[in-house]
Structures are given as C-alpha cells and as structure tokens.
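Hello,

Here is the structure I promised to pass on to you. Have a look at it first, and then read on for what turned up.

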Amino acid sequence: MKLFKKNLVTSFLSLGLCGPGLMAQQPYNEWQESKTSMGNFKPVSSLPDIEVFSAPNTILVKVNQPTEVRIFSILGKLISSQRLEPGLFEYHIDSHGIYIIKTNDNSCKLAI
C-alpha cells in the first residue's frame with residue numbers, strides 16, 4: 001500500500017497536479033489601451049490624476065499623467081501593478097468581487 005501511495009504521489013507531481021506547481025500563480029492580465037466607449041461604464045471615482053470606471057469583468061481608468069496603478073483584492077492580495085502613460089486603459093478581471101485601486105496617495109474601492 002505504501003508503494004502504491006508513493007507511486008500515486010510521484011505521478012501527480014510529474015503531471016503538475018499537486019505540489020509546488022499547484023500553488024504557482026497564473027500570470028495576471030495586463031492593462032491594455034481601451035478603444036471602447038465610456039458610455040457602457042459606471043463612474044467609480046474621479047481624482048485629480050485618475051478617473052476609475054467599472055463594467056462587468058472590466059476596470060477602466062483614465063490617467064492624465066504617468067501613474068503607477070495597482071489593483072488589490074479585498075484581502076490585500078496584489079493583482080496588478082503597472083505604470084500607465086496618459087490615456088484610457090482597461091483591465092479584465094476574471095472573477096467578481098471587491099477590489100481596491102491605488103495610485104500614489106489615492107485609493108478607491110469598486111465592485112465587479
């Protein structure tokens with residue numbers, strides 16, 4: 001029986017079904033320049049250097065100057081951190097939830 005368990009665990013490890021590979025994070029989406037109409041998005045926050053909008057599974061930001069934009073889950077897990085140049089950008093979120101968007105000294109909360 002011990003030999004069977006050992007072979008089973010070795011098989012799962014070689015297939016990547018358990019062990020360190022199981023806990024590895026998948027690469028996150030990246031911010032992309034948006035070509036969509038802002039009419040479909042709900043305004044969330046308007047700060048001096050950034051405007052934040054939301055839609056199902058999407059965060060849209062408009063920045064007026066180069067800005068570091070970070071997205072955190074409600075539990076504080078960093079989802080994305082990227083420096084955006086002036087423009088309109090979107091980020092696709094795979095799961096519904098509450099997220100925190102942080103830029104410099106500002107932050108806002110949004111529900112997706």
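This is a predicted model: local features need pLDDT of at least 70, side-chain atom pairs count only at pLDDT 80 or more; totals for chains, interfaces and linings use all residues.

Asn 57 belongs to the loop that runs between strand E3 (50-55) and strand E4 (58-63). Its backbone deserves a glance: Asn 57 is not a glycine, yet it has a positive phi of about 65°. Which residues does Asn 57 touch, if those up to four places away in sequence are not counted? They are Tyr 91, His 92, Ile 93, His 96 and Ile 112. For His 96, which is 39 residues from Asn 57 along the chain, the C-alpha atoms of the two are separated by 6.9 Å.

Tyr 91 leads on to the aromatic rings. A search of the whole structure turns up 1 aromatic pair. Its members are Trp 31 and Tyr 91, in a tilted arrangement with 5.3 Å centre to centre and 50° between the planes. Trp 31 sits in the loop between helix H2 (20-23) and strand E1 (32-33), while Tyr 91 is in strand E7 (residues 87-92), so the pair ties together parts that are 60 residues apart in sequence. Both Trp 31 and Tyr 91 are buried.

As general background, nonpolar side chains in soluble globular proteins tend to be buried together.

Leaving out residues up to four places away in sequence, Ile 101 touches Val 52, Ile 59, Val 69, Arg 70, Ile 71, Asn 106, Ser 107, Cys 108 and Leu 110. Val 69, one of these contacts, has Gln 82 in E6 as its bridge partner. E5 and E6 pair in the antiparallel sense, over 6 bridges. The hairpin they form has 4 residues between the strands, and Gly 76 in this hairpin takes a positive phi near 95°. Elsewhere, Lys 102 lies over the face of Phe 72, at 5.5 Å from the ring centre.

One last stop is Ser 34, in the loop between E1 and strand E2 (42-46). Is Ser 34 buried or exposed? Ser 34 counts as buried, because its relative accessibility is 12% and the cut-off for buried is under 20%. Its side chain makes a polar contact with the side chain of Glu 90, at 2.8 Å. Beyond its neighbours within four places in sequence, Ser 34 is in contact with Leu 60, Leu 88, Phe 89 and Glu 90.

Enjoy exploring!

Best wishes

Methods. Residues are numbered from 1 along each chain as its sequence is written. Side-chain values use heavy atoms; hydrogens and water are left out. Helices (H or I, at least four residues) and strands (E, at least two) are DSSP runs, numbered from the N terminus. Contact means heavy atoms within 4.5 Å. Rings of Phe, Tyr and Trp (its six-membered ring) pair if their centres lie within 6.5 Å; planes under 30 degrees apart count as stacked, over 60 as edge-to-face and the rest as tilted. Buried means under 20% relative accessible area, exposed over 50%, partly exposed in between (1.4 Å probe, protein chains only). A charge sits over a ring if NZ of Lys or CZ of Arg is within 6 Å of the ring centre and within 35 degrees of the ring normal. Two strands pair if DSSP finds at least two bridges between them. A polar contact is a pair of N or O atoms within 3.5 Å; within protein, one must be able to donate a hydrogen and the other to accept it, and residues adjacent in sequence count only if both atoms are side-chain atoms.
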